[in-house]
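Please keep the sequence and the 3D view at hand as you read.

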Amino acid sequence: MLGVLLTLAGTAPAGHAQAPSDSTYTVRSGDTLYSIAQQAGVSVAALQRWNDLEGTALQIGQTLRLRPPRPEDRTEASVDTTEARPDSTAADSPLPDTAVSDTAVSDTVVSDTTVSDTVAVGTSDPDSPAVDSVTAPPVYGRHVAADGDSFVTLALRLGTTADTLSALNDRTAAPLAAGETLRLPKRFAPPAHVVASGETLYSIAGEYGVSARALRTANGLDTTALEPGRRLRLPGREAPEVPPPGDWAAPDSTGAVAVYPDAFAGRLTASGTPYDPDALVVSHPSLPYNSVVLLSRPDVGRHTFARVLDRGPIEAGTLLDVSAAVADRLGLDADATPTVELRTVWIGDQK
């Protein structure tokens, strides 16, 4: 049994940036969300919540809020903190030869048989702003976990990544119990309308073909007066359905792959890690190092997880380079180049 230890909680280069001391921070080259959170003394999840981030990708020059927004700065509703937090267990439609589970540890292990999709993303933030009792409906989607759900298997069904789900739920990837309610990305939230200046309850009701009374009831309003920026739930409009277990979202990309030449064994990759033919590793042109991908050949029922540790591919016209171990797991023949599907499971913090 061959395993690869995936260290997903990356760090920024030592001494790169001074510790932020203000309420905002401007992203510089080499920064990661994890390194900025460490310097600011807050969690990654808190930074994502305060800055409305669904993932960990950052842009150079981007300004990040390092402290909770003041009440007057909040134009959208806070999330209902009375909602149950997910603390639960998992495995969706099991992958052939691969069991997927969540455990409360800070590293992720990929082996011939097991993947534990956990990482130290940050704890719930005690400085989170209080929830106003009259705020509008949350802007997140919702999903009640069922037996067999995990952050990894849900991510595959939703077309997102496990680290995004972990951050949205303010916690590391621990087992998910049936009946627990999870936050999902905004695109899975029910359709809503953000009130613009000059709009009234009646004009909005007319725009969507609903009664003003139904609009008031759906949003618990005791008045017809509306403040600009308020988010209104639209009665009769349902959130997009979460795909059923075993029904994965479309792959991020597809294409032929190339196997690293045997002569590359022991050579340093672009990440500085020596190439090991027996490790489940791949190259990728842009995903951060230590990202985890799922490679599939659905035509023959072959799947494997792998870690990104190199830039590539070497050969033009191929999707990426894969180790000998990955090729073996996918049943790749050296004389053939079958199409392989790639799905991003976890986005690493190391660029």
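Which residues in α5 meet A212, L215 and R216 in α6? They are L201, Y202, I204 and A205, where contact means heavy atoms within 4.5 Å.

## About the model

This is a predicted model, in which local features need pLDDT of at least 70 and side-chain atom pairs count only at pLDDT 80 or more, while totals for chains, interfaces and linings use all residues. Residues are numbered from 1 along each chain as its sequence is written, and side-chain values use heavy atoms, with hydrogens and water left out.

Helices (H or I, at least four residues) and strands (E, at least two) are DSSP runs, numbered from the N terminus.

## Two crossing helices

Let us return to the helix pair. Helix α5 (residues 201-208) packs against helix α6 (residues 212-219) at an angle of about 105°, and their axes are 8 Å apart. α5 is therefore roughly perpendicular to α6, a label for angles of 65 to 115 degrees. Axes here are lines fitted to C-alpha atoms, for helices over the stretch in contact, and angles run from 0 to 180 degrees between N-to-C directions.

## An enclosed helix

Helix α3 (residues 151-158) is largely enclosed by the rest of the structure, because eight of its eight residues are buried (under 20% relative accessible area, with a 1.4 Å probe and protein chains only). Among them are F151, T153 and R157. After α3 comes G159, with a positive phi near 75°.

Strand β14 (residues 292-297) is mostly covered, with six of its six residues buried. In a regular strand the side chains alternate between the two faces of the sheet. Here V292, L294 and S296 point one way, while V293, L295 and R297 point the other.

β14 pairs with strand β15 (residues 302-310) in the antiparallel sense over six bridges; pairing requires at least two DSSP bridges between the strands. R297 stands opposite R302 in β15. The two strands form a hairpin with four residues between them, and G301 in the turn has a positive phi of about 70°.

β14 also runs antiparallel to strand β17 (residues 340-346), joined by five bridges. In this pairing, S296 stands opposite E341.

## A buried loop residue

A256 sits in the loop between β11 (253-255) and β12 (258-259). At 19% relative accessibility, A256 counts as buried. Leaving aside neighbours within four places in sequence, A256 is in contact with T318, L319, L320, T337 and P338. T337 is 81 residues from A256 along the chain, yet their C-alpha atoms are separated by 5.5 Å.

Definitions and conventions:
Buried means under 20% relative accessible area, exposed over 50%, partly exposed in between (1.4 Å probe, protein chains only). Angles under 35 degrees count as roughly parallel, over 145 as roughly antiparallel, 65 to 115 as roughly perpendicular and the rest as oblique.
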